[in-house]
Amino acid sequence: MRRWLPLSLIVIAGIFAIVAVQWQRIAARPSAQGILSAAADAQHEATRVPTHFDPMSDADEIALGDELASEYAERWLSSPADATKNRAIEAYLQTVGERTAAGARRKLPWKFHYIPDPAFVNAFALPGGHVFVGQGVIALMKSEDALAAVLGHEVEHIDLRHCAERMQTEAHLRELGTLGAVVGLPVEVFLAGYSKEQELEADRDGTTLAVKAGYSPLGILQLLGEFEKLEQQANSSDDKPATPVDEAAQISLQTVAGYFRSHPPAVQREQQVRELMRSQRWPTPPLRPLRKF
């Protein structure tokens with residue numbers, strides 16, 4: 001019996017230590033955005049299957065991505081009155097996107113799509129080279145440099161095979177059998193974002209692409225500053241709106257909630273960009289104006 005006493009004391013001490021640490025974490029009272037980010041990151045990690053997937057061939061990835069893009073594009077068709085303007089915006093995205101993606105590791109047929117919805121404050125990528133950008137997130141940009149960094153971020157989700165891995169994971173989880181069956185996947189699969197590490201990796205490599213293409217990193221810092229303001233407003237908008245104006249503002253904040261849930265806090269992303277600017281000695285040329293339509 002005496003032989004087990006020291007071991008028992010060690011186990012009991014370990015349990016008390018774990019309880020104390022957890023109590024301290026609870027007492028820290030994290031912000032609402034921190035809770036959302038932690039929950040979203042845990043959700044992304046929980047859906048990652050501990051199965052090794054062999055990389056898809058570029059040809060297969062492109063073919064499946066083309067089918068998904070064709071299916072999703074039907075959701076955001078332009079009205080006849082805005083069709084000409086929206087085609088011009090999409091051509092602009094294609095120009096900036098191709099310039100930015102020129103430095104990517106993989107040489108894919110990059111295609112950039114415009115979502116004419118002011119409530120769509122987000123962007124997402126599909127396997128094989130498709131990038132969709134919402135009107136709502138473009139409205140927050142003050143420069144073409146910010147646009148290039150956002151496009152670079154999405155390009156890197158493809159370049160680093162985050163999108164292809166997500167597609168393979170979903171096919172495995174849903175027991176679809178063949179990858180050809182993923183064509184029916186809901187777009188929310190790709191809107192959900194990725195793990196915090198993957199999002200920060202896409203920020204690093206995507207901003208690097210934009211800088212190599214001649215854009216200033218100050219553009220993405222401006223946009224991240226806008227995101228930080230919106231995050232703060234969202235964290236303080238839990239109270240019931242007192243006026244119709246307050247209610248309208250709360251609805252506007254709700255439209256960006258999906259973006260905040262699928263990305264790390266803006267301040268963390270901004271710190272990473274500033275560290276890269278310092279360590280890589282990135283130049284900061286004058287910001288290019290964002291083209292208006």
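This is a predicted model: local features need pLDDT of at least 70, side-chain atom pairs count only at pLDDT 80 or more; totals for chains, interfaces and linings use all residues.
Tutor: Local features here need pLDDT of at least 70, side-chain atom pairs count only at pLDDT 80 or more, and totals for chains, interfaces and linings use all residues. Residues are numbered from 1 along each chain as its sequence is written, and side-chain values use heavy atoms, with hydrogens and water left out.

Student: Why is Arg106 called buried?

Tutor: Its relative accessible area is 8%. Buried means under 20%, exposed over 50%, and partly exposed in between (1.4 Å probe, protein chains only). So Arg106 counts as buried.

Student: Why is Arg161 called partly exposed?

Tutor: Arg161 has 28% relative accessibility.

Student: What makes Arg281 exposed?

Tutor: Its relative accessible area is 75%. The cut-off is over 50%, so Arg281 is exposed.

Student: Which residues does Arg106 touch?

Tutor: Arg106 touches Asp58, Glu61, Ile158, Asp159 and Arg161, not counting residues up to four places away in sequence. Contact means heavy atoms within 4.5 Å.

Student: How do you know that helix 7 is mostly covered?

Tutor: Of its 12 residues, 9 are buried. Among them are His162, Cys163 and Met167. Helices (H or I, at least four residues) and strands (E, at least two) are DSSP runs, numbered from the N terminus.

Student: What is the span of helix 7 from its first C-alpha to its last?

Tutor: Helix 7 reaches 16 Å, close to the 16 Å expected at 1.5 Å a residue. The expected span is 1.5 Å times one less than the number of residues.
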